[in-house]
Amino acid sequence: MSKTAIVTGSAGGLGKGIAERLANDGFNVVLQDINEELLLETEKEFKGKGFNAVAFRSDVSKKKEQEELVQFAVTEFGQLDVMVNNAGVDAVTSILEIGEDELKKLFSINVFGTLFGIQAAAKQFMKQNSKGKIINACSIAGHESYEVLGTYSATKHSVRSFTQTAAKELADKGITVNAYCPGIAKTKMWDRIDEEMVKLNDSLEIGDAFAEFSSAIKLGRYQEPTDVANLVSFLASKDSNYITGQSILTDGGLVYR
């Protein structure tokens with residue numbers, strides 16, 4: 001029987017790369033995103049490649065919708081084996097300017113969404129009486145906080161914390177919980193970060209912030225979605241069965257912990 005994985009925030013970016021790798025690994029894949037148009041395009045693309053993939057449009061910040069997402073996966077494919085809590089958003093704001101709306105938005109999606117995903121998946125694994133794997137999107141910003149990325153960094157530190165707590169509480173049920181921590185990737189998220197940094201610093205031009213961050217990567221190139229997908233593939237496999245509670249850096253040599 002083929003295993004089933006959910007990947008949230010998988011209509012594009014790193015999430016799409018992760019979903020494609022898991023599909024290539026033989027998983028049934030449930031694609032999730034709030035952007036319905038892009039989500040349906042990705043579903044069509046995946047099916048065109050022969051992948052066993054279905055789309056589910058929802059809002060990860062809503063606990064009920066995370067539960068509905070898991071139930072959808074079970075209805076479609078019989079059971080759930082891997083939950084990848086990938087969905088996330090960014091913000092670029094100086095510490096003195098961070099406001100309530102930004103805090104609510106980022107914590108609702110990045111933190112609440114991850115926690116509700118952990119809860120929904122773990123309850124399903126227990127209901128199935130099966131082992132399962134929960135894999136969360138952390139970041140280099142979950143190991144080190146960055147200037148003008150204060151809210152984003154705080155949410156990723158929270159994801160790392162929930163990853164450790166969940167790993168400890170769910171271990172006796174055969175459920176492992178880990179996180180992947182990407183670095184600097186040429187994604188739409190980083191395009192937005194780059195643009196916002198220009199607004200905060202008149203001396204910068206478009207592309208300067210990305211180039212500056214990327215130049216510090218010891219392996220000499222920015223990250224591709226496949227770099228992250230390779231790690232998630234490992235964490236979703238039986239080869240990672242003895243690993244839990246870890247937030248693993250995959251950044252080409254940028255942050256060292």
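Let's start with S10, which sits in the loop between strand 1 (4-7) and helix 1. Keep in mind as we go that this is a predicted model. Is S10 buried or exposed? Its relative accessibility is 0%, under the 20% cut-off, so S10 counts as buried. Leaving out residues up to four places away in sequence, S10 touches G15, K16, A19, L31, Q32, D33 and T42. For a sense of scale, take N201, 191 residues away along the chain: its C-alpha atom and that of S10 are separated by 32 Å.

Now let's follow the chain into helix 1, residues 13-24, and look at how it meets helix 8, residues 225-235. Two packed helices are described by the angle between their axes and the distance between the axes. Here the axes come within 8 Å and cross at roughly 50 degrees, so helix 1 and helix 8 are oblique to each other. The crossing is right-handed. Which residues meet there? From helix 1 we have L14, G17, I18, R21 and L22, and from helix 8 P225, V228, A229, N230, V232 and S233. Sorted by type, that contact has seven nonpolar residues, three polar and one charged.

Last stop: H143, in the loop between strand 5 (132-137) and helix 5 (150-170). With a relative accessibility of 11%, H143 counts as buried too. What does the side chain of H143 reach at 3.1 Å? That would be the backbone oxygen of S247.

Key. Residues numbered from 1 in each chain as written. Predicted model: local features only at pLDDT ≥ 70, side-chain atom pairs only at ≥ 80, totals over all residues. Heavy atoms only, no water. Axes fitted to C-alpha atoms, helices over the stretch in contact; angles between N-to-C directions. Helix = DSSP H or I, 4+ residues; strand = E, 2+ residues; numbered from the N terminus. Parallel < 35°, antiparallel > 145°, perpendicular 65-115°, else oblique. Left-handed = near helix turned anticlockwise from the far one by under 90°. Contact = heavy atoms within 4.5 Å. Nonpolar A, V, L, I, M, F, W, Y, C, P; charged D, E, K, R; others polar. Buried < 20%, exposed > 50% of the residue type's maximum accessible area, 1.4 Å probe, protein only. Polar contact = N/O pair within 3.5 Å; in protein donor to acceptor, adjacent residues only side chain to side chain.
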